[in-house]
Amino acid sequence: MEGLATRDFGFGTGEVFTGPEFGSKPATQPGSREQQIGRQQALLAEGLTYARSRGLKVCVGFEVTGDPTHPDAQARLEARLTALLKAYPMLDVVWIWQSEGLGGGSDIAAPGSPMELAVARHGGAFAYLENPARIHEAVRVMLYSRLAHGILRRLAPRVRMAVSGWGGDKWMRFSDFYLGLDKTLPQEVIFAALDNIDPSMATTVADAYGNLSPGRERWPIPWWESDGGYSRRDQWGPQTNAAPFLPLCRDVLKKGCQGMLAIHWRTRDVEEAAALQARFAWDTSLTYEGFFDRFAHACYGPNWAVEMSSIHRELEALGPRWTGAPGQVECGGFEWFSEGRLPLPGNLAKLAALRSRIDRVRRGMVAAGETAGLERIDWLLATVDWLVTYDEAAAALRPGGPVDAALNRAEEANRTGNAAACASAAAEAGAAFRAAPLGRAMQAFARKISTRGEWGALATINVKAYAAYRRIAARLRAAGGDPGLEERGLPEPAVARIQMQTPAGLVEPRKPVAVEANLHGKAAGLRIRYRAGGSEVWRTAPMSNSHARTWTGDIPASAVGLDGIEYVVEAVDGAGRAIAASQVWTASAVTIPRVRPFAPPAARKRAPVRNLTAAAAPDYEVRLAWEAATPGAMCEVTRTPPWPGGATVRTALGELCDVDTVAGADVRYEVAEVFAGKRGPAAAVSVTVPTAAPRPAPAGMEAMPGAGKVRVTWAPAQGRVRGYRVYRSEAGGEAVCITPEPIPATLFLDTRVVARREYAYTVSVVDRGGREGGRSEPVRVVALERPTGPAFEARLIGEAPGGTLQPPAALTDEGLQTRSGGWVAYANRPDFALEGEFSVSMRFKAASVDAIPVLASCGEFAKQGWFVQILAQGLRFSLGGDNVMDAGRIEADRWYRVACTYDGARMRVFIDGKEAGSRPAPVVDFRPWPGPLYVGNYHLREEMYQFKGLLRDLRLYAFALTPEEIAAEAGR
């Protein structure tokens, strides 16, 4: 993707935009970031107020991230809810959203942490999920929902709460959590999650909706269009979702839902699915054919309804995008075709026949003077032209297509000094490039836009497809080829045409109405003709050229009364005669009601918490619970004896687990609400902590020697413990504790060993009360030599022994060349794994530092393994779990030598022999990554991760290179 001003958009398509930037007007108008945010909030508030005045329920919300047991997170939640209610006091419902992708689970909290204790306490309601990470995430969402519900009860009792996430039965699966949430959240909380992303693959909503308690309000949210992929992936064309939406609607009704919502980010390309869903709400006996018969009758008139109903159904039967080729994925990097799948010849032939039938209808409408449906007919024709012509261009310009193949030959010939072969291949590439009809395709799309969503789609076509076209043109010029001259102006229609972006349909009495239109074709200018509702007298208002083809003007406030207005935009010739006109638009008069500003409830007299209890639990745990007198109130819990280090413990959850206790101690707790830093009256409770028997030594001790390290493992202790202490002795000497602070893991990697020396290791368990149990029997091992060279090396010069080359990547005398895509993969082997100290080094030259390309990868983000990536024009080193470091700055078209190291305690990044950054990495996940080593891509192998450029001299080490070794390597 490439950021472009509208003046730089391709083939004249920038002329249809109303300013140098495309975006929401509050954001593109001048001012500070805070002013822009304020304008956007005001616009949304006005829309919500109007919607509520028309009887609609209005809802706004936000994601909840982080640890809900942490008091700072609880305070932030209350601050965000307060700010939301202040900005939008008209709200009926506040949404609490789970972050995308966490339906599969989130990281499991550290043992003994408040979050882990909360999971132990509440996880039983979600045991059916089985996966510990999913149970952890379900409890996290449940706790945030309880907190938000309590805060809303206090701040705005009339406002309800909905809990939502990225759901569905097959994919992100948040809806699975509803069965447990149904048991743990109040009945008045609404359940409404995004559902299966592709209605053609699952024509039912999530099973959970049919298994909730009868009193639970539920509103599934299916997708009118798919963003991330599956069978309906496309950002720029119709997705044909009406057919699967009918059984989806029936399933929603069957499962006892009160209704269904929907998600979309366009309007015109999804109107058929939207119309079917809306019609089903009024007629549950609706049939597919009956829907399109009614749709065609309303849109095209009775004389054309039968034919247009048939055409619409035949278009939908062609499948997504009609051509049979998956298109651009909304959330991904640019691809000419998803998955490399090309248009189907049978689809193209049927589209040609259907286009001919649509054109016959158009001619018939014109001949009969029935012009009401012409705009829709023209939109269909332009959509067919856009898709067919774009796919023709994409087939020529795609990686591996005729332009790319000829360019690769030209570039290879240039590298080997064969000037004649280079010139011949460059000429072939130039001819194929000039013949690719991307310009005609984009100009066809410019003809069809009629909603703001389509202007947005045209903008993304420019910054993705046209930007890729420009990059290919640059490659062609560099190879000596001729890309030709780009036609910068839009073709002028034979008759002047007026294009309007979201004309006003609602107006406020006694306020001027801004009108904006684009003029295409020969005309002296535009003017507005208008009249008050019910009036016979038409008046005119001038318009002036404000940007490119855009003209703007105002209908005066004096003309806008309670009966609304009618208006039309006319193109005029030099004599002031009308030569073309838009359709007549009717705008209804509305009054946006005033909404009483949100005011937090007045402080009331503080009362002690109710029903305070304290119960001793196994492993030195004391469980406290209470009910705050003020819903959602933050409470302070004090203890005698005091908390370790004199800490202050606060929570709004109404519960707390104390694990910092001592065997046999008598403990007293006081709980009081806190507002504005002041404590209210406290309630107190006492408990005696029982004494447990010392823990036995852990079983299953093993010690394995490695290159310059020893790996010690043991079986986990039963129940909850503070951790483990590891002891080491050598040559029969006394055992010394080498982990005085107990470690939580059941694995210890000892990297401070001397080669060929024997060591003995023992391990003990430290319980929650701080008492250490007996030590295990010693295990003995002899340390091995620290290695001196790389464990794995891939020069990637001309060949890659043991690796699999993925075209169109090539192995050249400069290294692995991936300018057009591809990578090298090596089957998994022990040399790739993290087993303590580690280093990876390589040389590379990036053709582009856009997107998020991965240089080398044998792992996954926030999980096992490692990878090195270019991110935000810097370098990212990811290592075994949550250890991520960003450092340095990377530029395109320049060679770099980088090295990333881990010495057992700290990770570092070196660029061209100099340290660019470092950070501690005390806890690393050493579980082996099971997948291959990828060079030039990530294991997901999506376009956004594709490295484009040259890469060579990849080396992996089972130890941390020293700065001196890295500097010496960089100097070679």
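Trp322 is buried, with a relative accessible area of 5%, where buried means under 20% relative accessible area, exposed over 50% and partly exposed in between, computed with a 1.4 Å probe on protein chains only. The structure is a predicted model, in which local features need pLDDT of at least 70 and side-chain atom pairs count only at pLDDT 80 or more, while totals for chains, interfaces and linings use all residues. Residues are numbered from 1 along each chain as its sequence is written, and side-chain values use heavy atoms, with hydrogens and water left out.

The backbone of Trp322 shows a positive phi of about 70°, although this residue is not a glycine. Trp322 belongs to the loop between α10 and α11. Helices (H or I, at least four residues) and strands (E, at least two) are DSSP runs, numbered from the N terminus. Arg321 is found in the loop that runs between α10 (305-317) and α11 (345-368). Arg321 is likewise not a glycine, yet its phi is positive, at about 65°. Its relative accessible area is 2%, so Arg321 is buried.

The description now turns to cis peptide bonds. Thr640 and Pro641 are joined by a cis peptide bond with omega of about 0°. Pro641 is situated in the loop between β17 (635-640) and β18 (649-651). A cis peptide bond also leads from Pro807 to Pro808, and its omega is near 10°. The loop that holds Pro808 lies between β31 (803-806) and β32 (810-812).
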